[in-house]
Amino acid sequence: MNPVATPFFFYLLAGIMIIGGILVITRKNAVHSALALITTLLAQAAIYLMLYAPFVAGVQIILYAGGIMVLFLFVIMLINIERTQKERQFNKQWLVGIAAAAALGGLFIAVYTKGKTLFPEGRVSYEEVQNTQGVATLLFDRHAGVYMFAFEIASLLLLVAIIGAVVMAKKRI
Amino acid sequence: MHEFIQQYIVSYLKSKDLTPGGAGNVFWATVYILLVFVGLSIAVIAMNWLERKILAHMQVRLGPMRVGPHGLLQPIADAIKLLLKEDIMPAEADAAIFWVAPFMVVLAAFTVFVVVPFGPTHAITDMNIGILFMLGVSSLSVLGIVMAGWASNSHYPLIGALRSSAQMVSYEVAMGLAVVSVIIMTSLNTEGIGTLSMIGIVQAQMAQGTWFIFKFFPLGLIGFFIFAVAMVAETNRAPFDLPEAESELTAGFHTEYSGFRWSLFFLAEYSAMIAVSSIAVTLWLGGWLRPFPNLLHGAIWELVFSLFPGVTFVLLGAMCFYNVARMPKHPLFKIQTMGLAAFGAVLALIGLVLFVPGVRERVGDIFWFAAKVAGFMYLYIWYRGTFPRYRFDQLMKVGWKILLPMGLALLILTAAAGFLEAPVKEWLSRVL
Amino acid sequence: MTDPKTLSPLDLETPDKTFLDANELVINMGPQHPATHGVLRVILRLDGEKVLGLECVIGYLHRGVEKIAENRTYTMFNPYVDRMDYVAAVSNGLGYCEAVEKLLSVEAPPRAQYVRVILTELNRIASHQLWLGTHALDIGAITPLFYTFRDREEILKIFEKYCGARLTTHAFRIGGLQYETYDGFEKDVKNFLTFFAPKIDEYEELLTTNRIWLERTKGVGVISGKDCIALGVTGPVLRASGVKWDIRKAQPYANYKNFDFKIPTGEHGDTYDRYLVRMVEMRQSCRIIEQAVAGIPEGPIMAKVPKVMKPPVGEVYHSIEAPKGELGYFIVSDGSTQPYRIRVRPPSFVNLQALDVMCRGQLVADVIAVIGTLDIVLGEVDR
Amino acid sequence: MLSAQFETDMEAMLHISTLHYLVLGAALFLLGVIGVLTRRNVVIVLMSIELILNAVNLNLVALSRYWQGMPAHMGGGPGALHGQVFAIFVITDAAAEAAVGLGILIAFFRNKETVNVDEVNLLKW
């Protein structure tokens, strides 16, 4: 199957992502920020699909948009929003902010200008492979599964996170 | 342009084994999207009427009888009422989110149908990650519910929203485990490669010669049971309808909604019910497969089973005519009687069209799929007529302490069964 | 037991700030709420979903029935009592008529007594049916409501045939009955009994062994017999806590001592026991009606009472076992045609006091179940 | 009057390559960093971190795609999905980070009744 109107979709999704990102860091109301972030994440899932990474896209939707962001919304609703909205929204680290932004902006420009030579475009046009199966091979296969150990460590990380979250969110500390 | 469309139509008619999405046929994909959308809306409307009628008959009453013969036009009257109602927004509500929330829920509920396979070629597209996509997108409706509850800026909706998000997130876990057990089952072929594609799952059931509900008895049945419980919780229906517990929270997260926007929630709830039922049907009940496709094959059986859709519709039409005969003969009922007769005639006509050979073959899959989904819909109504409501802590207990361990055990057992199947068979054949 | 004195008054001035930093969340349930059975307002103090305490605000349906009585003659006041507990109007009438009869020292003739018992017990069944339907509806089961209303209809038909009214019947008069029973009354009642016996099984089939019903009702709203007595709780609620107290047996009125029936009691005092007790009570009522219909004597239906009732100066307290508990009338007479004071001891009002004790430590959803199980009628609570 | 350079630029823009995704990723990263550095609300800071992680993910997946197009003797080919596996690990990490971060946030909010970062200075004394 050949992709249709790739540039159009790319620029559409990229636009959504950038606007969403800007909204995330500028909105006063944290719920609005969260919703902007959800939009960004969903657009990013679509971009993963364009990059022939459907499994990552699925994980992105389930975990990020369906799981993590619900957690965020949950917490935002639990804490008091009315008051934080009236407070000053930005802290006074303008200098650091500008410096970091300038440095990263430099990186940004560097990527843009040097990118051509760094990444000579090898246009790949092969049939869509069994992407999910490929990922699973790397994760679990007896021979090719180079990330099996890392995978187990990740499960440990999640366990630690669960315990940590439960301890932190308990009634009194 | 003209040639373009022609080319698309021809390319669809030529490709007998591909979905429009799979063939990259944008035109047909669009047509399918519209068809699914319209079909779903009709299904929701029909479901509305059927639920009220069936529930009423379970509760020794008649249900809607006034609008149209046997209340057939009641859903339309309701829809008109809802659309004409004043659209109220609470003064303190967060307008933008309040406005977006119902659309979010509807969007999540409808997008799921992109990958639902109504037949081997009757799906909008066949995604590589079909079931993952379905679970993911259906979980997005939580966001809409939370947004609705929060934006209303009122206690009861907020509690409803928190409850429903906690409930949906918890039951997703058990649901996911049950689904994974099916995916393990699909990998029991010679290459040992499973699939996440919805069409692939049904084809795996065809290839293995059994619906997954009967696979590794009783493991498949347990998985199906877990999913069947979790899907009721997932769609916030009785007995897990706490988010909208009428006696406690008035109407839960959509308390402050009215008119058109409320009807969107309604639409989303019913299409979500159909969506999760379609997942269950696809994963455990053989999707579009007719009963006994391997056992009763051959031209004659094909013919017999392909007559089912037509016969069903003709029978429905006949039922209408039977009721026309039972209608009161009073002149005031003349229009109603005629309406019922017309409805019966339309049903019978559809039935007759379904007997046409070309249509017959193409529609069989959809019919069997829809029939299985309809069974689930009946189950939903039956639950609602029978069960009291769970309390919130009990609901969580069922989700985390019963279904989740069951799901984990099921997963391990399924994997073990799949692993041992071939050696045990070999050993048995050697011993016997 | 929880001492009612330790209940601190609610602090409604300080608003709850958020869900998290406030230890208590105050939620106002009612007066417009689908599950408060009318216009009861309950102020709940919650910790999360756990009930720390609650306060009932009543009086939204206050009509001053007791005050009205002071300006009406004894006969004129009779219809008013029907409006208190409107789902058990016959019982209310019985209690009032018997109290005045006690004051006048007259006794209704045997035939009237039998008819009174039949109608009162029918009314008890009707009241329990309404309770069952609404209680199940509160807990989320819709269907029992329609079943019970279908069968309650048969009782109401008998009432309608007998006295013309379905709900506020005004069936009895001081000194007996106004109307002789209509032709076929006994047949109707017998028909109802044969019709109704399998229906109770039907209700029980829907609920008694339903797992969700068990989980929602077992161990919910537990109250001990001691607590019940301390709070003055009577009726099925008291009996479900294991106290065998039924005024029909303890202080027989009408001619209940002629009938053979059992008083069901529970063990745990939870919502499920109360449910079971009421179900058995319905069956026992059927038994009483059966015996009453079989033994109904011929004879006059009205005792000799003066046209203008002027009871001697004095006071009287008479209580009966209404479907909801002990319904008492305390009448003070100053010798005139109008009572000097009438005080009603309504079972719903007294039972409602137990709500706080029963709900502490339970969840919000249980409050609804407990309100349902107390079987209150706001018309009677507020009077 | 369009210069030849501009025309080739336009053509390059319509020809979506790995570079496009990298630039997009860099932009998201930039936004995330600005958010982390300038916002006071902890929740939004955490969300900005999610934005950064997503920018990284985008790069990883885009480069994975790029790597798949490389010749097999250099480790490329259809099976070279290391970037995607990394992305999945990053998502796992993000989930853990969100859970713990929000847990800390709730504990913090309960004690100080604020969600501002510049008031999280308990470790100072």
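Modeller: Let's go through contacts, core, domains and a sheet.

Colleague: Ground rules before we start?

Modeller: This is a predicted model: local features need pLDDT of at least 70, side-chain atom pairs count only at pLDDT 80 or more, and totals for chains, interfaces and linings use all residues. Residues are numbered from 1 along each chain as its sequence is written, while chains are lettered from A and ligands numbered from 1 in the order in which they are written.

Colleague: How many residues do chain A and chain D put into their contact?

Modeller: Chain A gives 77 residues and chain D gives 68. Contact means C-beta atoms, placed from the backbone, within 7 Å.

Colleague: Which element supplies the largest share on the chain A side?

Modeller: α3(A), with 13 residues. Helices that supply at least two residues there include α1 (6-26), α2 (30-50) and α3 (54-78) of chain A. Helices here are DSSP runs of H or I, at least four residues, strands are runs of E, at least two, and both are numbered from the N terminus.

Colleague: And what classes of residue are on that side?

Modeller: The chain A side has 56 nonpolar, 17 polar and 4 charged residues. Ala, Val, Leu, Ile, Met, Phe, Trp, Tyr, Cys and Pro count as nonpolar, Asp, Glu, Lys and Arg as charged, and the others, Gly among them, as polar.

Colleague: How many residues are in the largest nonpolar core?

Modeller: That core has 329. α3(A) gives the most to it, 17 residues. A core is a set of buried Ala, Val, Leu, Ile, Met, Phe, Trp, Tyr and Cys residues joined through C-beta atoms within 7 Å. Buried means 20 or more other C-beta atoms within 10 Å of a residue's own, with C-beta atoms placed from the backbone. Those with the most contacts inside the core are A:A34, A:M69, A:F72, B:A230 and D:V43.

Colleague: What does D:V43 touch?

Modeller: Leaving out residues up to four places away in sequence, D:V43 touches A:A30, A:F72, A:V75, A:I76, D:L105 and D:V115.

Colleague: New topic. What domains does chain B have?

Modeller: Domain 1 (1-13 + 20-84), domain 2 (88-293 + 390-427) and domain 3 (308-354). The bounds come from an automatic or database domain assignment. Over C-alpha atoms, the centres of domain 1 and domain 2 of chain B are 21 Å apart.

Colleague: What about the hairpin of β7(C) and β8(C)?

Modeller: It has 5 residues between the strands, and C:G335 takes a positive phi near 90°.

Colleague: Last one: is α14(C) buried or exposed?

Modeller: Mostly covered: 11 of its 11 residues are buried. Among them are C:D366 and C:T373. C:D375 follows α14(C), with a positive phi near 55°.

Notes. Contact = placed C-beta atoms within 7 Å. Buried ≥ 20, exposed ≤ 12 C-beta atoms within 10 Å, placed from the backbone. Pairing = 2+ DSSP bridges.
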